[in-house]
Amino acid sequence: NIPSRYAHLHLDKHWYSVGQKQTLEHRKTKGSCGIIELKVIVSARWKLIDMTDLHVKMYCQKLADLELDRYEKDMEEYKKLLKKADLEAMMEQDRKTMYVE
């Protein structure tokens, strides 16, 4: 399932998921590249991924699709809960106004 080029790497279970990551302290190390330089390098390599390693692109796209599906389901559930909470708040407000009158 993982591209053979990266099969030797040991990654956390949800390394690709923003919501599952632990927060780490920022530590600048001597000789490391900055975020802008990293962005330039990654975007340049990603533009060439079709020619260099299509299997990696397909794998990354599959992960992105899974995360998007999960996000959409979570948002749908969140919107349902929000709607329910709004409805309960309106009903509570109606009850309070009935007792005041």
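Predicted model: local features only at pLDDT ≥ 70, side-chain atom pairs only at ≥ 80, totals over all residues.
Start by selecting arginine 70 and glutamate 67, which both belong to helix 3 and sit 3 residues apart, about one turn of the helix; a helix here is a DSSP run of H or I with at least four residues, numbered from the N terminus. The two side chains form a salt bridge, with their closest N and O atoms 3.0 Å apart, where the term stands for a side-chain nitrogen of Lys or Arg within 4 Å of a carboxyl oxygen of Asp or Glu.

Residues are numbered from 1 along each chain as its sequence is written, and side-chain values use heavy atoms, with hydrogens and water left out.

Next, select arginine 5 and aspartate 53, another salt-bridged pair, whose closest N and O atoms are 3.2 Å apart. Arginine 5 lies in the segment before helix 1 and aspartate 53 in the loop between helix 2 (49-52) and helix 3 (54-100), so the pair ties together parts that are 48 residues apart in sequence. Is aspartate 53 buried or exposed? Aspartate 53 is buried, at a relative accessible area of 15%, whereas arginine 5 is partly exposed at 47%; buried means under 20%, exposed over 50%, and partly exposed in between, with a 1.4 Å probe and protein chains only.

Then move to aspartate 50 and lysine 57, whose side chains meet in a salt bridge of 3.1 Å from N to O. Aspartate 50 has a relative accessible area of 45% and lysine 57 one of 26%, and both residues are partly exposed.

Finally, select Tyr6, Trp46, Ile49, Val56 and Cys60, which lie nearest the centre of the largest pocket among its 18 lining residues. A pocket is an open set of points on a 1 Å grid over the protein atoms alone, where a 1.4 Å probe fits and protein lies on both sides within 12 Å along at least five of seven lines, and lining residues have an atom within 4 Å of a point. Which helix supplies the largest share of the lining? Helix 1 does, with 5 residues, although helix 2 and helix 3 also supply at least two residues each.
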